Structures are given as structure tokens and as C-alpha cells.
Amino acid sequence: MRAFVAMLAAGFALSGVTGAQAYHRFWANCNTDPPTFMTTMTRDAAQDYANAARYEGYQWGGGCWNYDEVDSYPDDPPQQPGTHGEGGDCSGLTFKTWRESTDTWRDGRYYWRALRNVHGPYDAAAFRDGNGAPNHVVAKATAGVMDAFASGTHIGMVFMRSLYGGDQIVEAKCEACGTNIFYRTYRGDSAYGGVGRWGWTG
Amino acid sequence: MRRPCFRSLAGGAAGIAAGVIGGVLLTSVSTAGPTPVADGPALIDATHVPPVLTVRGEPIRLRYGLVCTPRAEGLPCDGSGTVYLRAGQSGPFHPFALQRGDASKDGRYYVDVPRDIAASPEGFSYYAVLRDDATGAAVSVPSGGADAPQVSLPMYEPIAVALGRHLFGAVRAPDERVAAGAWGSEPDEIGLAGSRELGFTGPSSFDVEPDGTVDMLDSVNGRVMRWGRGRREHVPISGALELADFAAEPDGSFDVLADDTLRHLRADGTEKWAQKLAERTWAKLAHGGSVLQQPSEQWMPVSDGGAPLTRPQQRRAGHAAQLGVLVERVGEAELRVAVLRGKAPLRSWRITSDTPLGEVQTAEPHGNGIVVVTRAYTDDRDEFVVLVLGADGLVQRFSVESGSWTETAPLARFRLARGGLYRLRTTEAGAFVDRFYLEVPQ
């Protein structure tokens with residue numbers, strides 16, 4: 001009996017050896033649908049898309065959420081993609097909002113649904129450097145709605161400029177603070193550079 | 001080591017099998033749980049930057065962005081709206097339909113303020129109602145509507161201040177270090193969290209009491225560190241503190257603003273009440289529980305007489321000026337500031353720069369003038385610029401270092417108190433509050 005109990009515990013442990021099963025698996029609700037190729041992409045439609053991701057949480061390395069305005073799995077340990085929680089991370093949210101391709105050489109417009117689990121090939125530093133065909137560096141002083149500010153560790157998109165000279169930034173900020181619109185001063189901060197998406201149609 | 005018997009081996013194998021099967025079944029149950037795609041209420045939001053200070057003769061276009069539920073075909077909102085305008089700050093409003101433009105970089109919807117209203121010597125006031133015609137959802141900007149409209153005032157004979165090109169590297173050293181703590185969790189240390197990959201957080205805000213006591217919000221260790229009267233104290237507090245703003249009130253209590261909630265704490269750190277903000281975002285907390293909220297871009301009181309105000313009450317009390325000072329950052333490198341007497345500008349300054357200007361950290365009365373702290377920046381450098389402004393223009397100007405090891409609340413780096421300017425700064429070694437003496441405009 002002692003051996004049965006000991007091995008029962010080992011069996012439970014073995015049942016969770018993969019990352020997918022070690023955690024709560026919000027990603028099980030996500031899909032692998034192909035994106036829809038689009039001929040248009042306006043900044044305010046991008047605002048709509050990013051705004052709808054508010055309150056849906058943050059997931060390091062993630063890019064899948066629903067629209068129930070609740071982070072289904074908050075307070076995961078940070079920097080662990082294996083937690084498979086709800087939400088994008090900063091670069092995943094930007095990638096999907098900017099309708100980019102997983103192929104860095106494509107600069108077309110690819111609309112990803114919220115529950116499509118995709119992060120894209122760029123981290124914050126790659127965005128900051130303007131890597132990939134759809135991305136480019138912009139002067140921070142000229143950055144407008146849905147351009148972005150990126151550092152080596154983070155990226156957030158301009159939701160609107162503000163009266164006092166800062167910006168309302170829509171961003172997937174951290175596990176504790178989730179995805180939301182926050183007032184930030186990235187524009188003037190030399191740790192951040194300006195980055196934009198080619199191909200806005202309005 | 002004893003040799004295992006057959007019964008032990010069989011029991012162990014059965015245990016592993018039962019454990020694996022049970023674990024997989026339990027995981028499947030949790031996977032099958034929540035999170036279908038929800039059909040929630042229609043999303044509706046708007047953006048607008050009010051032209052609070054105008055120059056005589058300049059055309060005024062009010063621009064709005066409309067944000068709504070994403071459309072399946074990826075197109076923007078099918079929207080419309082009306083701006084209600086009036087000359088001055090009383091009397092009936094007149095409706096003007098918003099036009100829909102081709103571009104949305106500064107807001108797709110706009111109206112040009114008629115010349116007779118724009119030229120009113122008392123300025124004009126207005127609010128807008130925007131609609132998503134696909135869902136019928138509507139939003140008012142500012143959220144107080146006709147009860148608390150936006151105000152735009154003309155600057156008559158503004159005092160011109162030309163800063164020229166900013167000279168980086170010529171920063172002023174502080175006159176005094178009034179508080180310091182190394183990183184750590186000991187009683188005399190300040191908490192540091194995060195990593196190089198994610199960035200660091202530390203003390204997110206601070207304040208200076210009338211007797212000179214310096215209070216630092218030690219967000220990571222969950223306390224307020226106090227330096228004053230020759231001793232150091234700490235007051236434990238709980239709740240969300242990351243990137244929170246903070247104010248020490250004259251009666252010894254504290255206000256802490258984090259996420260979408262202002263919490264009022266007693267002097268011992270226990271919570272007296274908590275109140276949600278009226279709007280989605282905030283930029284700054286001022287004494288007395290007043291919060292600069294967005295998207296209205298108005299200061300809204302969250303408490304009155306020590307008691308919390310409901311969200312509708314906050315909206316109805318929204319206003320543009322804080323401590324009688326109006327601020328507007330215009331374009332890439334212009335800053336307009338005015339001191340009000342009643343509802344009209346008593347004095348105003350039009351500050352221009354050849355180097356882009358970032359956020360205004362603070363703008364407050366000082367003697368017969370004001371102190372403004374803003375940021376000069378290029379794509380790879382930045383410094384704070386301190387301006388003391390008087391009736392004849394620039395009284396004093398100097399630069400201070402802006403680098404910070406940790407992220408703070410957005411407009412919480414400076415406090416004006418006891419005739420001096422206090423700055424919160426963090427480095428690899430720890431957190432500090434420094435003081436700069438200021439000249440007083442006569």
C-alpha cells in the first residue's frame with residue numbers, strides 16, 4: 001500500500017510534465033486560424049482592437065485573449081511562457097494590433113482574431129530597432145496615434161497624446177498590471193525609441 | 001538495500017497508472033472550464049486633447065477619436081457626433097455636427113470652432129457626444145457633459161519665453177540631500193523589484209510635508225518611509241502600490257492612487273476608504289484627493305471634506321485648472337501656461353523651444369510667478385528643465401538629471417514645497433530625495 005501511495009503521487013507529477021498541462025491552460029481555448037489578409041488598416045481601427053484587449057490580462061510570450069474584460073488567470077509567475085495564461089505580452093499585443101505577418105519579410109496587413117494564439121517574431125528590442133519589413137523607426141516628437149515607444153524590454157502604443165505632454169499608452173505592461181491604457185512619459189524618456197508601422201490607410 | 005517484492009512492484013505500477021490517469025483527467029476538467037468568447041456590452045470610448053489656452057487669431061479645430069467594439073471586417077467605427085459649444089462659460093450650448101475625416105492620426109472627427117465663438121474675450125466652453133452608429137452606444141467628452149464642460153481661454157499678451165536649443169550635460173547638482181536609502185528590505189532600506197529583462201520598480205512616488213518631513217512610497221516593501229525631525233520611521237500599508245502615486249495630507253493621513261482606485265489611509269496606514277475613479281486613466285494625484293483623469297483631461301476631486309465622492313459626483317466637478325494654473329503642451333516644442341484669477345487668465349506664458357519638450361511634471365504657483373518642470377528630449381537624450389517664471393519672463397532656469405534606475409508614477413518625480421523643489425531619483429545604489437533652492441519671483 002505504501003508503494004501504491006508513493007507511486008500515485010509520482011503518477012500525478014508525471015501527468016503534468018509538459019508545460020501545457022503544468023498550468024491552467026487558457027491556451028486550450030485558443031486557435032490556430034490563419035489571419036485574414038486586408039487591404040486597409042486605419043489607426044482608429046487599431047485603437048478599437050487594442051482597446052478591446054484591455055483587462056484581458058498579460059501573458060509573457062502570449063498572444064491570445066477573449067473579450068470578457070477579465071483576466072482569466074491573473075498573478076502567474078512572471079517571465080514564464082509555460083503558464084499559458086490569458087493575454088498578450090507587450091510585443092505580442094503590438095504585433096497583432098499592427099496586423100503583421102509571422103514572416104518578417106512580409107509587410108502586408110494580416111488581421112488576427114483575438115483568440116488566435118500568436119505572438120509574432122519580434123520582441124520589444126526588435127521593434128525598437130525597426131526590424132522587419134512592416135516596421136520602422138520614427139522620431140519620437142512626431143509619434144502619433146498607434147505609433148509606439150519601445151525600449152530594450154518593453155513596447156507600448158500611443159492611444160492618444162495628452163494635455164500635459166505625456167501620452168495615454170495602450171500596453172500589456174506586466175502580470176500584475178495586465179493590459180490597459182496608462183498615462184506614461186515614454187516619449188521623453190531616452191530609454192525608449194519611437195517606432196511605427198508602415199502601411200496605415202487612414 | 002532490500003530487494004523489492006512482487007507485491008511492491010505491482011502496487012507501485014498501479015499507483016503510477018492511477019496517478020497519471022487521475023492527473024490527466026483533472027487537467028482535462030480544468031481545461032474544459034471557463035473562458036468562452038463573451039458577448040459583452042458594446043465598447044465605446046473617445047479621445048480628445050482640449051485647446052485650453054489659445055493665441056489670438058489662431059484657427060481652432062476640435063478633434064476627437066472614437067473607439068468602439070472591433071468590427072469583424074477590421075474597419076474603424078461607423079461613428080458620428082455633435083459638439084455643443086458656447087461663447088464664455090455660461091448660457092446655452094449650440095450644437096455643431098462633427099465632420100468625419102479621412103485620417104485618424106490626431107482624431108478622425110472634427111469641428112472648426114466658428115470665428116465669433118473662438119474670438120470671444122471670455123473664451124468658450126464645450127462638450128461633445130460621440131456615437132457608434134453600428135451599436136447605438138454613445139459617450140460624452142468630458143464625461144461630465146454640460147455640468148463640467150471643457151474650457152478654452154485666450155491668452156492676452158502672453159509673456160514670450162524662448163528657450164532655444166537645449167544644452168545637454170549642463171545639469172545642476174542638488175543643494176541638499178534630504179532622504180536616502182539603499183536597496184533592500186531592512187527597516188532603513190527601500191525595496192527594489194523586477195529584473196533587467198522586465199525593468200525595475202522601486203519607490204513610485206513621494207511627498208514633502210509642511211514641516212519638511214519627506215515621505216517616500218516604498219511600493220515594494222509595502223510601506224511609507226518617513227524622514228523627519230532627525231529620525232526615520234515607516235508606516236506599513238497594504239494593497240496595490242506598484243507605480244502608484246501618493247500624497248501626504250496635512251492631517252497626517254495619506255492618499256494612494258493605483259490602478260483605477262484612490263485609497264485614503266489613516267496616519268497608521270490602515271485604510272479609511274477606497275473609491276474608484278470616474279474615468280479610465282489617471283496622470284497625477286494632487287493634495288486633497290484631486291486627480292488628473294483621462295480621457296476628459298480634467299482634474300476631478302475624488303473626495304470632499306474627507307469623504308469619497310461617487311463617480312458621477314467626480315464627473316460633475318471636473319475642471320481644467322489645478323491650483324489656479326492651466327497647462328497645455330502644444331505641438332512638438334511649445335508649452336502654454338496661465339495663472340487664473342477667477343475664470344480668466346491673470347498672466348500667461350508662451351514657452352517655445354528648439355528642442356522637443358516632453359511632459360510637464362509640475363506647474364505650480366511660486367511667489368508672484370510659477371515654477372514649471374518639463375522635459376527636454378531628443379531621440380536619445382533627455383533632461384528635466386526647471387523654469388521659474390515671473391511677470392517679466394524667465395526668472396531662473398536650470399537643468400537636472402532625469403535618469404532613473406526604476407520606473408515611478410508618471411508625474412511623481414518632483415514636488416514643490418517650503419520654497420524649494422524636491423526631486424525623487426533612483427540609481428543602482430538606492431533611492432534619494434534631493435532639494436534645489438529656487439529664486440522667488442517678485
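A nonpolar core, as I use the term today, is a set of buried Ala, Val, Leu, Ile, Met, Phe, Trp, Tyr and Cys residues joined through C-beta atoms within 7 Å. Please bear in mind that the model before you is predicted.

By that definition, the largest nonpolar core has 142 residues. Those with the most contacts inside this core are A:V158 from chain A, together with B:Y64, B:M216, B:A244, B:V256, B:V337 and B:V372 from chain B. Domain 1 (44–155) and domain 2 (161–437) of chain B each contribute residues, so the core lies between them. Let me take B:V256 as an example. Setting aside neighbours within four places in sequence, its contacts are B:I237, B:L241, B:A244, B:F246, B:R263 and B:L265.

I turn now to the strands of chain B. An open sheet is formed by 4 strands in the order β31-β32-β33-β34, with antiparallel pairing. Which strands stand at the edges? They are β31 (357–366) and β34 (393–401); each has a single partner strand, so one side of each is left without a neighbour in the sheet. On average, neighbouring strands of this sheet are turned by 20° against each other, direction ignored.

Within the sheet, β32 (residues 369–377) and β33 (residues 382–390) pair over 8 bridges in the antiparallel sense. In this pairing, B:V373 stands opposite B:V386.

Finally, a hairpin. Strands β35 (residues 414–417) and β36 (residues 420–426) of chain B run antiparallel and are joined by 4 bridges, with B:F414 opposite B:R423. There are 2 residues between the strands, and B:R418 in the turn has a positive phi of about 50°.

Technical notes:
Residues numbered from 1 in each chain as written. Chains lettered and ligands numbered in written order. Predicted model: local features only at pLDDT ≥ 70, side-chain atom pairs only at ≥ 80, totals over all residues. Pairing = 2+ DSSP bridges. Axes fitted to C-alpha atoms, helices over the stretch in contact; angles between N-to-C directions. Buried ≥ 20, exposed ≤ 12 C-beta atoms within 10 Å, placed from the backbone. Domains from an automatic or database assignment. Contact = placed C-beta atoms within 7 Å.
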